Amino acid sequence: MAFLEHSKHDKLNIVIVGGGVGGLGVLRSLSTTIDPKKHTVVLIDARPAYVHLISSLRLVVSNTDSLITRSVHPYGDHTFRNKLAGNGTFIQASVTDIKVNDTGKGGQVILDNGGIVAYDVLVLTTGSILPYPIAFPTSTKAIEEYVKARQAEFAAATDILLVGGGPVGIELAGELRDVFPSKAITIIHRSSHLLNAVYPDKFRIAIQKQLQDREITVLTGDAITIMSDTATSQVPKDGFITEQGKTLKPDLIPTWGMRPNTSYLPSDLLSSTGHVKIIPTFQLPAHPDVFAIGDIVDWNERRSASKVVQSHAPKAAHNVLLYLSLREAQGKDSIDILASKDSAKYKGTIETMMISNGKLSHRTLSTQTSGMGYLDVLWGIMFGGWISSLNSRDLAVSRLSYFTGYKPV
């Protein structure tokens, strides 16, 4: 499809860029609220399939539970359900530019294949640039080959250094320990405790204790300098000397550094960190017909898929339809829905965290557990045991079809 345009007599076109949890979340909300006589939807994503990131670390470590089939769901007609059935189009392409109309009445999305997609309302939900080892490529066959290569890489390694003790490093360490009970695994983290200071020290220390009980070495308050943000086999002959003077000689160094996937946007729409500046209705301040949600937005909160699915996406979908309705009713180029009593305004959500520590339950101080959770209410509630173990066993893969509309054969 080289060009997708519409006349003023056609249906209004809602274009969603990004088919991750944000994009599919918006689609799910629109599927029951949209007026199919007035609106169509276009979903654009660089990949042909949704990759379930919650289970992706388990996927790249081993071929357990047939995850390559169960956690990679292709887009298709099934993606557009309920009122969207027959009114949705999927385009596999990368976005290279956005042409906004200063009047607030639509614009164009420029694709890397030469295509141009016109929009009346645009929803940006392109998430983060995925780091190694979950930097999946953009074709189904290439994704399968990438997964097999990562599995072989981990299997061949004897000493694995994980640089960074955030959720990715912690969960990857747990998955590795499940599959490779005798490999040397080390996490090095610059801060004095794992995770970040959003969470209380008691939670951060408890997570570290779980890892150490599984014979995973944790080095906090220390760091090494790596020139690349991808894994490398170019380990110096004499290994690394950390800032605290420790010598490390790993043969595999998975590293990562999440950053917002916003390089296709003009710099004046972005904050100094590369996030999209928004107002509480998820609209861009100078472009009321453009919305942004998820990891890419400039909002002071910890980023998580649950927030996007449960709050960002439904509020944004509501405001998209409200904007189009008010614009049609008032006949104006630009509508301030923030002033409307009917707009859904985002004020943040309660901070929650669920961290898995592999699939296999293990004993820690006589308590069977494989992960921990935290809920920022009252004095701060920590939980583990069977609650976190239930999450760790399946990582929500069994419920994925409800979200994507696709049922693996």
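Predicted model: local features only at pLDDT ≥ 70, side-chain atom pairs only at ≥ 80, totals over all residues.

Visitor: In which loop does Pro133 lie?

Guide: Pro133 lies in the loop between strand S11 (128-129) and helix H4 (140-156). A cis peptide bond joins Tyr132 to Pro133, with omega at about 10°.

Visitor: How many helices and strands does the chain have?

Guide: The chain has nine helices and 24 strands.

Visitor: How do you know that the radius of gyration agrees with that of a compact globule?

Guide: For 409 residues, a compact globule would have a radius of gyration near 22 Å; the chain has 22 Å, and therefore the two agree. Along the principal axes, the C-alpha atoms fill a box of roughly 65 × 50 × 40 Å.

Visitor: Why is Leu84 called buried?

Guide: Its relative accessibility is 0%. The cut-off for buried is under 20%, so Leu84 counts as buried. Leu84 lies in the loop between strand S5 (72-74) and strand S6 (88-92).

Visitor: Which residues are in contact with Leu84, leaving aside its neighbours within four places in sequence?

Guide: They are Leu27, Leu30, Ser31, Ile34 and Val41. Contact requires heavy atoms within 4.5 Å. As for Asp35, its C-alpha is 8.7 Å from that of Leu84, and the two residues are 49 apart in sequence.

Visitor: What share of contacts between residues at least 6 apart in sequence join residues at least 24 apart?

Guide: In this chain the share is 67%.

Visitor: What makes Asp65 and Lys359 a salt bridge?

Guide: The N to O distance between their side chains is 2.8 Å. The criterion is a side-chain nitrogen of Lys or Arg within 4 Å of a carboxyl oxygen of Asp or Glu, and therefore the pair qualifies as a salt bridge. The pair links distant parts of the chain, 294 residues apart. Asp65 is in the loop between helix H2 (56-61) and helix H3 (67-70), whereas Lys359 is in the loop between strand S20 (352-356) and strand S21 (362-364).

Visitor: Why are Asp65 and Lys359 called partly exposed?

Guide: Asp65 has 32% relative accessibility and Lys359 has 27%. Partly exposed covers the range between the buried limit, under 20%, and the exposed limit, over 50%; therefore Asp65 and Lys359 each count as partly exposed.

Visitor: What makes Arg204 and Asp201 a salt bridge, and where do they lie?

Guide: Their closest N and O atoms are 3.4 Å apart, and the limit is 4 Å, so the pair meets the criterion. Both lie in helix H6 (residues 201-213), three residues apart, about one turn of the helix. Arg204, at 5% relative accessibility, counts as buried, whereas Asp201, at 40%, counts as partly exposed.

Visitor: How do you know that Asp213 and Lys209 are separated by about one helical turn?

Guide: The two residues are four apart in helix H6, which means a separation of about one helical turn. Asp213 is partly exposed at 34% relative accessibility, and Lys209 is partly exposed at 36%.

Visitor: How many salt bridges does the structure hold, and which residues are linked in a network?

Guide: The structure holds 15 salt bridges. Glu301, Arg302, Lys307 and Glu351 are linked in a network of them. Across the chain, the mean positions of the 41 positive and 37 negative charges are 5 Å apart.

Visitor: Why is Ala396 called buried, while Ser66 is called partly exposed?

Guide: Ala396 has 16% relative accessibility and so counts as buried, the limit being under 20%. Ser66, at 44%, counts as partly exposed. Ser66 is found in the loop between H2 and H3, and its phi is near 50°, a positive value in a residue other than glycine. Ala396, also not a glycine, has a positive phi of about 65°; it is found in the loop between helix H8 (385-394) and helix H9 (400-404).

Definitions and conventions
Residues numbered from 1 in each chain as written. Heavy atoms only, no water. Rg over C-alpha atoms; globule rule 2.2 N^0.38 Å. Lys, Arg positive; Asp, Glu negative; His and termini not counted. Charge placed at Lys NZ, Arg CZ, Asp CG, Glu CD. Buried < 20%, exposed > 50% of the residue type's maximum accessible area, 1.4 Å probe, protein only.
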